[in-house]
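Hello,

Here is the structure I promised to pass on. Please have it open while you read; my notes follow below.

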2 protein chains.
Amino acid sequence: MNNELLKRIALINNRISELKFGQQPNELYEPIRYIMSLGGKRMRPLLVLLGYELFKDDSDSVLDQAIAVEVFHNFTLLHDDIMDEAPIRRGKPTVHEKWNENTAILSGDVMLVKAYGLLLDAPGDLKAILKAFNDCAAGVCEGQQFDMNFENLPTVAEETYVNMIRLKTAVLLGFSLKLGAMLAGASSTQAESVYDFGVSIGIGFQLKDDLLDVYADQEKFGKQVGGDIISNKKTFLLLKALELADADQKAKLDHWLAAVTFNKMDKVESVTAIYNEIGIRQLTSDKIDAWFAQGFTSLEALDVSEGRKKPLIAFTEYLIDRES
Amino acid sequence: MNNELLKRIALINNRISELKFGQQPNELYEPIRYIMSLGGKRMRPLLVLLGYELFKDDSDSVLDQAIAVEVFHNFTLLHDDIMDEAPIRRGKPTVHEKWNENTAILSGDVMLVKAYGLLLDAPGDLKAILKAFNDCAAGVCEGQQFDMNFENLPTVAEETYVNMIRLKTAVLLGFSLKLGAMLAGASSTQAESVYDFGVSIGIGFQLKDDLLDVYADQEKFGKQVGGDIISNKKTFLLLKALELADADQKAKLDHWLAAVTFNKMDKVESVTAIYNEIGIRQLTSDKIDAWFAQGFTSLEALDVSEGRKKPLIAFTEYLIDRES
């Protein structure tokens, strides 16, 4: 990532470290400080700032609203990690592991409240901003429910899968950018173009996540390559493989999906070999490219100068090229 | 309850039955329709309407904002019932029992979002309304955490207990009334008097709940009398008994608090007998009267006509006299 973007992330992290959230009872607020201090890409608040900078310069004036989105995102992580029984988040114990489930539920709840709180001093049309946030927040919950529903289905169609990741991941990226635009006083047409851009690159971003899980360079990835294969997660790669497999490949996939005891490395290698035979890597890469290209079409339609678009384009290129 | 109040509750129930909340996925929205249809006193939305009617007549114009508070309250029930492992709510299975914990977490989350959504079309100063709601919502979470903390303490002081019920229960009643006042364009001084009234009667209301658990007429109560005694719940009655017991009474209380296997009726009868010896019933009744009286002092300070205060006073008298 370039220095200009890193500077903004430092600003975001600095402001996050200053936030108090609340004092008493400590059992409620300590887990919030914990999860917020674990880091992460800070992609969503960065997108708020970059959305703002499409229209105005002083993006540091909307830092708290940018952080509202990060607090919301971390609220969803607290609750999703309970639902997914995930023990580790960013290399550290999840809140429900370090404390307990009740703490993760209740601290998560108060984080959602605090996310609204950080939005309330926003410049601009508060009602329109909160309506957009509410649509986004309900969408994220819907996406999580669809994702959980998928666990109990043998397979789902590509369109159904893409709708799930649109809700679970992409609408929040779209909202982040749109929030920045709204805070900077963009017209509703401009805000919609920015939102469409964000949703398209959000879908591309999640498909890239699915791809990296299988095809990342283990040295650079930071997580276990093949984790989704081991857990039978219904990723884009698995769903396309199930769709396109011939009888022999389908039988092999079904064998691994049904296996209860297995050597993890064997399973990852064997399923990856089937993906390779079917050409899943290229197919997924092409789909990712198509979603990012659709995003750029929305961005081109936006009537602001090329100079103003530069930081956002630089960040998007970082997302396209990322290896972890 | 008088007919005028019952008419407003019918209006509230009718509007709740019309609300869609959301459509897809059904797994997310069905539990919301379920919990909202279980009924309950609808005290909080009624207080919004009564707070509004202190200043203006057309309270049916703020029905959706009144219901926002009921949706928020039911969100807290969904999550609290998980934390308390409660199997039954209003005589029916709780959401985490009927579905599962994940459903109760996620449907609860989206209810909190929908509660904000119902507030967004409020007349008046949206930012001030949402700031008051946010303070209240964070307070309710803090109260729930304090309540859970108390489970692990041998006892807590009266002041500490009252602060917990103030946060967990009373601030939402205070906010409900204040919201009504704000929606009707009350001054901030007026809104504060109304809030103070609501918080005081809210504390009285919760202490009455504690009292009824032990001293209600079983025929009229609807729940198992003595449920709090059986579960060792740290109610006002138990805390005062622990504080005021002599050595012999303290030993008996400690015996029942430590008992693992016991006849439930024996425990309820024995602990109630100790309460009777110490005079806990009168002491609690006096405390309840004092909190309601403090509420009426705040209401007297409010500069609106006696006629306008009548419905709210009638409802408060119903709360004072209630037997279930």
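One definition to start: helices here are DSSP runs of H or I, at least four residues long, numbered from the N terminus. The model is a predicted one.

With that numbering, Trp99(A) sits in the loop between α5 (95-98) and α6 (101-119) of chain A. Trp99(A) has 17 C-beta neighbours inside 10 Å, so it counts as partly exposed. Being buried takes 20 or more, and being exposed takes 12 or fewer. Leaving aside residues up to four places away in sequence, Trp99(A) touches Pro31(A) and Ala104(A). Pro31(A) is 68 residues from Trp99(A) in sequence, yet their C-alpha atoms are 8.1 Å apart.

The interface itself: 32 residues of chain B are in contact with 32 residues of chain A. On the chain B side, four helices each supply at least two residues: α2 (26-37), α4 (63-83), α6 (101-119) and α7 (126-151). Which helix gives the largest share? α7(B) does, with 14 residues. By class, this side of chain B has 18 nonpolar, 9 polar and 5 charged residues.

Now a helix pair within chain A. Helix α1 (residues 3-18) packs on helix α3 (residues 43-53) at an angle of about 115°, and their axes are 10 Å apart. The crossing of α1(A) and α3(A) is right-handed. From α1(A), the contact uses Leu5(A), Arg8(A), Ile9(A) and Ile12(A); from α3(A), it uses Pro45(A), Leu46(A) and Leu49(A). This contact has 6 nonpolar, no polar and 1 charged residues.

Last, the core. The largest nonpolar core has 186 residues. Those that touch the most other members are Ala115, Ala181 and Val194, in chain A and in chain B. Take Val194(A). Residues up to four places away in sequence aside, Val194(A) touches Gly51(A), Leu54(A), Leu177(A), Lys178(A), Ala181(A), Ala186(A) and Leu302(A). Among these, Ala181(A) is itself one of the core residues that touch the most other members.

Best wishes

Methods
Residues are numbered from 1 along each chain as its sequence is written. Chains are lettered from A and ligands numbered from 1 in the order in which they are written. This is a predicted model: local features need pLDDT of at least 70, side-chain atom pairs count only at pLDDT 80 or more; totals for chains, interfaces and linings use all residues. Two residues are in contact if their C-beta atoms, placed from the backbone, lie within 7 Å. Ala, Val, Leu, Ile, Met, Phe, Trp, Tyr, Cys and Pro count as nonpolar, Asp, Glu, Lys and Arg as charged, and the others, Gly among them, as polar. A nonpolar core is a set of buried Ala, Val, Leu, Ile, Met, Phe, Trp, Tyr and Cys residues joined through C-beta atoms within 7 Å. Axes are lines fitted to C-alpha atoms, for helices over the stretch in contact, and angles run from 0 to 180 degrees between N-to-C directions. A crossing is left-handed if the near helix is turned anticlockwise from the far one by less than a right angle, and right-handed if clockwise.
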